[in-house]
Amino acid sequence: MKVLFLGTSEFALPSLKNLLGSSHEVLAVVTQPDRPKGRGQKLFPSAIKSLALAKNLPIFQPEKIRDPVSLEVLQSCRPELIVVVAYGQILSSSVLSIPPRGCVNVHGSLLPQYRGAAPITWAILNGETRTGVTTMFLDAGMDTGPILLTAETPIEQEDTTGTLHDRLSRMGADLLRQTLDGLEKGQIIPRSQDHSQSTYAPKIDKEAGRINWDHPARELFNFLRAFDPWPGAFTFWKGRMLKLFRPHFPEEMEKDVREAPGTITRVGAEELYIATSRGDLSVRELQLANRPRMGVAEFLRGHPLQAGVRLGE
């Protein structure tokens, strides 16, 4: 099939790479405009634009994909189908109606669960033990279109949003290729979502990573993994932001608290134990503001944290 690819973030990279190695023809790539980054606010291309440049694909970067000029460009490509993966703009009905075979989206959840912008983060935050990817036909709603195919994966204890993001992006790429092959051969029957089972996964901001030590260790274990790598779960030590990573939560540590929440109860060679409202939580990596992320042993060589120190103040 002749396909127009809409994508921006790194989640979309495996999908575009997979399509370029398939029997389907990528006519052009549509991605978000270059954005400023860093202290110098220099403009950087999206991950998808960089790949498209390397492959000499036509690139279109509209500020608003729904404006009349953008619609003319998309129509001029005459795609049979549009693929949308982590693009970053909502498509209007005018865009959705362009390809005769429809618009197929890859979403990082098992729809109808976790519709919205941050399905991976919210799945870990809520302590889910399984998740997956879904391909679906886009409609006018927010991730409400008919489901085409799904693929599942367990959420392991060591999984973070970062590791799960990478795994789901690869799974999504394989599922997308299966979906397009199946649609071309007429082998896939779309099925409607059970809207009564839907949940929502809204966008995350930086402030959401602030740790509340009055929560139980079991919840904070999920919290630290959900915000790794971005924005990072953070607390404060001597007035400086301190991010905590790689939590550990043995079941036997789920006990009544003996110290005030946020108090360091024990400093091990590789782990730091911190009291919560119920049980201790250990962490294995830390990052002080404007410093690199490092293991506990390396951190302690420059910052002698001791039992009894209270974090969050």
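The model is predicted.

Tyrosine 200 sits in the loop that runs between helix 6 (161-184) and helix 7 (217-226). Its relative accessibility is 53%, so tyrosine 200 counts as exposed, the cut-off for that class being over 50%.

Tyr200 also belongs to a nonpolar patch on the surface, together with Ile90 and Met142. The accessible area of these three residues together is about 340 Å².

## The largest pocket

The largest pocket has a volume of about 1700 Å³. Its lining is made up of 48 residues, and those closest to the centre of the pocket are Ser9, Ala86, Tyr87, Gly88 and Ala117.

Several elements each supply at least two residues of this lining: strand 3 (35-37), strand 7 (103-107), helix 5 (119-125) and helix 6. Helix 6 gives the most, with 4 residues. Sorted by class, the lining of the largest pocket holds 25 nonpolar, 15 polar and 8 charged residues.

## The second largest pocket

For the second largest pocket, the volume is about 250 Å³. Two elements give two or more residues to its lining, namely strand 11 (240-248) and strand 14 (280-288).

The residues that line the second largest pocket include Lys206, Trp230, Pro231, Gly232 and Phe234. Met241 and Lys243 are also in this lining, as are Gln287, Leu288, Ala289, Asn290 and Arg291. By class, the lining of the second largest pocket divides into 6 nonpolar, 3 polar and 3 charged residues.

## The cavity

How many cavities of 30 Å³ or more does a search of the whole structure find? The search finds 1. The space in the largest cavity is about 50 Å³.

Ser109, Leu110, Gln113, Tyr114, Ala123, Glu128, Arg130 and Thr131 line the largest cavity. In this lining, 3 residues are nonpolar, 3 are polar and 2 are charged.

Note on methods. Residues are numbered from 1 along each chain as its sequence is written. This is a predicted model: local features need pLDDT of at least 70, side-chain atom pairs count only at pLDDT 80 or more; totals for chains, interfaces and linings use all residues. Side-chain values use heavy atoms; hydrogens and water are left out. Patches are made of residues with over 30% relative accessible area and no salt bridge: like charges are joined within 9 Å, nonpolar side chains (Val, Leu, Ile, Met, Phe, Trp, Tyr) within 5 Å. Accessible areas come from the Shrake-Rupley method with a 1.4 Å probe; for residues, only the protein chains shown count as cover. A salt bridge is a side-chain nitrogen of Lys or Arg within 4 Å of a carboxyl oxygen of Asp or Glu. Buried means under 20% relative accessible area, exposed over 50%, partly exposed in between (1.4 Å probe, protein chains only). On a 1 Å grid over the protein atoms alone, a cavity is a set of points where a 1.4 Å probe fits but cannot get out, and a pocket is an open set with protein on both sides within 12 Å along at least five of seven lines; lining residues have an atom within 4 Å of a point. Grid points are joined across faces, edges and corners, and a volume is the space filled by probe spheres set on the points. Ala, Val, Leu, Ile, Met, Phe, Trp, Tyr, Cys and Pro count as nonpolar, Asp, Glu, Lys and Arg as charged, and the others, Gly among them, as polar.
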